[in-house]
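My entries follow the order in which I went through it.

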Amino acid sequence: MKTITIARSLCALVLAAALPASALDLGKLVDQLNENPELVEAVGGVIQNTIDANRTVGPKEEATIGDGLAANLLGAAPLVRNAELQRYVNQVGQWVASRSEQPGINWRFGVIDSPNVNGFATPGGAIFITRGLYQRLRDEAELAGVLAHEISHVLARHHMRAIQAGKGREALGSALQGFISYKQSDARQLGANAISGMSEVFVRGLDKDDEHEADIRGMVLSARAGYNPYALVSVLQTLSQINPADSTVQLMFSTHPSPGERLNKIDQIVGDRLERYSDGVQATSRFYPAR
């Protein structure tokens with residue numbers, strides 16, 4: 001109880017502090033790739049090295065690949081043009097990430113303008129949730145739970161492991177060809193191969209075990225941050241009520257275990273073990289309403 005009380009106090013202090021510019025920085029990623037050939041070359045070089053050596057990728061290279069993936073996502077769906085919403089999501093995300101074992105990562109959070117229901121994490125700490133998912137969240141604890149799940153993917157290096165797996169290397173090859181085309185044509189946008197290749201890495205990479213691990217680690221991280229960890233269960237219950245044939249959830253349901261399967265796994269592994277943290281922060285007056 002004392003831990004939660006301290007966490008609540010710290011949470012309030014951080015949320016009241018100066019607003020981070022992380023969301024605005026995310027919005028610059030696409031421009032950086034379009035206007036900076038050296039950055040494009042750097043991304044292509046990192047991809048080539050990863051394919052050639054299949055070696056351990058360092059934090060800087062992870063960040064470079066992650067920025068390429070983030071720019072690709074933002075090229076498909078830009079940030080919602082609502083600075084207040086972006087700042088709020090960043091405040092919550094930065095607080096949750098600060099309670100992780102790697103608070104020093106360049107964490108950035110954003111809501112992308114897509115009606116689909118999904119969340120994305122990239123190596124290097126850029127994390128996105130879609131407008132469609134945000135609109136289904138009912139309080140701050142649910143937002144924290146979703147962000148903690150995505151943060152956990154980064155901490156566990158799930159995407160980097162997938163990128164270095166067989167299918168990931170194949171997709172990276174396509175991505176590299178796209179970057180080469182981009183450089184040769186001096187186009188003002190990324191080549192189609194790069195977009196499809198990077199997207200393929202993203203949506204095909206993770207397996208069910210990675211998602212289950214992110215759920216469990218995310219609940220623990222939410223508790224550390226002073227939130228009710230079972231808020232993620234509430235989110236999954238909400239998702240379980242959506243018709244799988246609904247076009248807004250088809251991508252998520254095709255790349256994640258079903259909400260029912262995730263709930264069963266949480267019940268098996270977590271059960272009531274985090275019950276003593278269930279009186280953590282749930283609803284807050286500052287929760288930014290979805291519109």
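**Conventions.** I am working on a predicted model, in which local features need pLDDT of at least 70, side-chain atom pairs count only at pLDDT 80 or more, and totals for chains, interfaces and linings use all residues. Residues are numbered from 1 along each chain as its sequence is written, and side-chain values use heavy atoms, with hydrogens and water left out.

I then took Val-96 by itself: leaving aside neighbours within four places in sequence, Val-96 is in contact (heavy atoms within 4.5 Å) with Ala-144, Ala-148, Ile-151, Leu-221, Ala-225 and Tyr-227.

**α8 with α12.** I find these two packed at an angle of about 120°, with their axes 7 Å apart; axes are lines fitted to C-alpha atoms over the stretch in contact, and angles run from 0 to 180 degrees between N-to-C directions. The pair is therefore oblique, the class left over once angles under 35 degrees count as roughly parallel, over 145 as roughly antiparallel and 65 to 115 as roughly perpendicular. The residues of this contact divide into 6 nonpolar, 6 polar and 4 charged, where Ala, Val, Leu, Ile, Met, Phe, Trp, Tyr, Cys and Pro count as nonpolar, Asp, Glu, Lys and Arg as charged, and the others, Gly among them, as polar.

**α8 with α13.** The axes come within 8 Å and cross at roughly 90°, which makes α8 roughly perpendicular to α13. From α8 the contact uses Ala-141, Glu-142, Gly-145 and Val-146, and from α13 it uses Ala-231, Leu-232, Ser-234 and Val-235.

I also checked α13 as a whole: 8 of its 10 residues are buried, so α13 is largely enclosed by the rest of the structure. Its buried residues pack against α7, α8, α12, α14 (250–255) and α15.

**α12 with α15.** I read an angle of about 55° and axes 10 Å apart for this pair, and α12 and α15 are therefore oblique to each other. The residues of their contact divide into 4 nonpolar, 1 polar and 5 charged.

**Single residues.** I looked at Ala-71, which is found in helix α5 (residues 59–76) and is buried, with a relative accessible area of 3%. The C-alpha atoms of Ala-71 and Ala-126 are separated by 9.8 Å, although the two residues are 55 apart along the chain.

Asn-118 sits in the loop between β1 and β2 (119–121) and is buried as well, with a relative accessible area of 4%. Not counting residues up to four places away in sequence, Asn-118 touches Ile-129, Thr-130, Leu-133, Leu-251, Met-252 and His-256.

How values were computed
Helices (H or I, at least four residues) and strands (E, at least two) are DSSP runs, numbered from the N terminus. Buried means under 20% relative accessible area, exposed over 50%, partly exposed in between (1.4 Å probe, protein chains only).
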